[in-house]
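Take a look at the structure below.

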There are 2 protein chains.
Amino acid sequence: MKVVKRLSDLRSWVAATKARGEKIGFVPTMGFLHEGHLALIRQARSDQEVDRVVVSIFVNPLQFGPREDYREYPRDLERDRRLVEEAGADLLFAPSVEEMYPSGFATYVEVTGQLTSVLCGRSRPGHFRGVATVVAKLFNLVCPDCAYFGLKDAQQVAVIKRMVEDLNFPVKIKVHPTVREADGLALSSRNTYLSPEERKAATVLFRALKEAEEAVKAGEREARVLQEKLSRTIQAEPLARLDYAEIVSWPDLEPATVLLPGMTYLLAVAAYFGRARLIDNLLVEVQG
Amino acid sequence: MKVVKRLSDLRSWVAATKARGEKIGFVPTMGFLHEGHLALIRQARSDQEVDRVVVSIFVNPLQFGPREDYREYPRDLERDRRLVEEAGADLLFAPSVEEMYPSGFATYVEVTGQLTSVLCGRSRPGHFRGVATVVAKLFNLVCPDCAYFGLKDAQQVAVIKRMVEDLNFPVKIKVHPTVREADGLALSSRNTYLSPEERKAATVLFRALKEAEEAVKAGEREARVLQEKLSRTIQAEPLARLDYAEIVSWPDLEPATVLLPGMTYLLAVAAYFGRARLIDNLLVEVQG
């Protein structure tokens, strides 16, 4: 596996790959890889539409707020390199901040409106602008035919799909289901922040989501009732500090009032456990 | 020459062209073509780096303000089609507004800071956001290796170059000098708005710029003196209503105070003649 840090070296590899008529699959990550990332790399590796697999590792400062965890976000490039290679990637791109955002950088990509004003968009102003901007940059550098994102970051998936459609990026977005621990906790690099007690408490997110999903299956159609159920369950956990618990339409993220048959909804939660802010979600299709 | 209106048809042509290993040169325009546009198409046609030439014609609503001339902007696709073909293009892309901005469109590309806050950026809020967004879309659709822009829109050139560098578009930007009438008036589709008297009066823009350039050559280094000279000359023309007359560094567009040897400056003017808002500029390199 080739490891590349310079933009110019990546460009040469991409140009040569494209010149051979080979298709590129791309998995953008912030590193400190877990099984969720590796599932994306394996999905790309086994994708019939793809000949070569590129993984990027870049902790993108633009998507962190001033009081967020950019500095302490976990990093381990040597371990990541090994995992990416084992998962079957052809190239690992790990640029520096200086190469990605040189002095004078001034251009941003922003998905406006509903998609970025609810859920994490409300809690983390500027976050999705940072995400859209770095993904646009990476798409222009890697020139992928397909790119792979995890559904754990469901709002990110909706934002990236909107950006790709609106700006006509010639990239097919493919989504992988959330990978979970045996007890249901969604894998996240931020889980490393958790103390053993917080780690146990954090299972409340998935438990709350499953309860709400069961309630929908049992016939509950009032979004307000479901949201209160979600909130109550999470707030009953003493180590959890609720950020949000919401039910929105998928993939438009419009607030739901009464769940309609045949429609799909996103049950989305975010909460702090100590200094770790964790998110999780479930997509629920309402039976007709 | 192929004429294409649908995004999907363009994508097919681009994919087939790229699959043959051919390089694409691209001239984006708003149509109602004049010799300035044709010079860009001929530049692309004779460019050794390019195999195929694509021209787009799209009056981009996003770059017009609410009180600007989007509706009355001149259009003549049949005449344009003939001119583009004669200039040697391989494909003319003329999409509808509905294809470019379908319902739900929400993503914008914005170059922030100095480049878009001075000159036309001040007079036309949102204009360069509209320009950057549509050019990003067109780049993703046409996938050009080289794109050609006229220096008449000098600030646009600076903004597009910044966007290409910041978002890592794999596109080389090539610039063509301003094409002028015999009496110095810069060619512009908006010149068609001018009455015969306004047409004559409009030559004051180039005359003022040449005077200021002469003053620099004669040793004047005070930006304030040069700007006053520019403004006075334009304001002396009764049919002209001055928008701005400024001297800024090139290509950063920082305000100039004392012109420094070895540096290049943009002398830029904008004025209304009747309902036509016209712009013009000269790049001046200060001798050491």
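This is a predicted model. Chain A and chain B bury about 2,200 Å² between them, and carbon and sulfur atoms give 49% of that area. On the chain A side, A:T107, A:L167 and A:N168 lose the most area to chain B. Together they make up 28% of what that side buries. The contact takes 25 residues from chain A and 25 residues from chain B.

What kinds of residue does chain A bring to this contact? By class, its side has 13 nonpolar, seven polar and five charged residues. The elements of chain A that give two or more residues to it are α1 (7–19), β5 (107–111), α7 (127–142) and α8 (154–166). How many salt bridges are counted between the two chains? The count is zero. Polar contacts tell another part of the story: 18 residue pairs make them across the interface.

β5(A) pairs with strand β5 (residues 107–111) of chain B. The pairing is antiparallel and runs over five bridges. Within it, A:E110 stands opposite B:Y108 in β5(B).

Next, pick out A:L167. It sits in the loop between α8 and β7 (172–176) of chain A. Is A:L167 buried or exposed? Its relative accessible area is 1%, so A:L167 is buried. Leaving aside neighbours within four places in sequence, A:L167 is in contact with A:V109 and with several residues of chain B, among them B:T107, B:V109 and B:T133.

Follow that link to B:T107. This residue lies in strand β5 of chain B. B:T107 has a relative accessible area of 0%, so it is buried. The side chain of B:T107 makes a polar contact with the side chain of A:D166, at 2.8 Å. B:T107 is also in contact with A:R162 and A:M163, among others.

A:D166 has a partner in its own chain. It forms a salt bridge with A:R162, and the closest N and O atoms are 2.9 Å apart. Both residues lie in helix α8 of chain A, four residues apart, which is about one turn of the helix. A:D166 and A:R162 are both buried.

Why can such residues pair? Side chains of opposite charge can pair when their charged atoms come close. Over all chains, the count comes to 54 salt bridges. One of them joins A:R199 and A:D183, at 3.1 Å from N to O. This pair links distant parts of the chain: A:R199 is in helix α9 (residues 196–201), and A:D183 is in the loop between β7 and α9, 16 residues apart. A:R199 is partly exposed, at 24% relative accessible area. A:D183 is partly exposed too, at 40%.

Another salt bridge joins A:R277 and A:D243, with the closest N and O atoms 3.0 Å apart. A:R277 is in strand β10 and A:D243 is in strand β8 (residues 240–249), 34 residues apart. A:R277 is buried, with a relative accessible area of 13%. A:D243 is partly exposed, with 27%.

Finally, stay with β10(A), residues 276–285. This strand is mostly covered, with eight of its 10 residues buried. Strand β9 (residues 264–273) of chain A pairs with β10(A) in the antiparallel sense, over 10 bridges. Here A:R277 turns up again, opposite A:Y272.

How values were computed: Residues are numbered from 1 along each chain as its sequence is written. Chains are lettered from A and ligands numbered from 1 in the order in which they are written. This is a predicted model: local features need pLDDT of at least 70, side-chain atom pairs count only at pLDDT 80 or more; totals for chains, interfaces and linings use all residues. Side-chain values use heavy atoms; hydrogens and water are left out. Contact means heavy atoms within 4.5 Å. Buried area is the accessible area (1.4 Å probe) that two parts lose on being put together, summed over both. A salt bridge is a side-chain nitrogen of Lys or Arg within 4 Å of a carboxyl oxygen of Asp or Glu. A polar contact is a pair of N or O atoms within 3.5 Å; within protein, one must be able to donate a hydrogen and the other to accept it, and residues adjacent in sequence count only if both atoms are side-chain atoms. Ala, Val, Leu, Ile, Met, Phe, Trp, Tyr, Cys and Pro count as nonpolar, Asp, Glu, Lys and Arg as charged, and the others, Gly among them, as polar. Two strands pair if DSSP finds at least two bridges between them. Buried means under 20% relative accessible area, exposed over 50%, partly exposed in between (1.4 Å probe, protein chains only).
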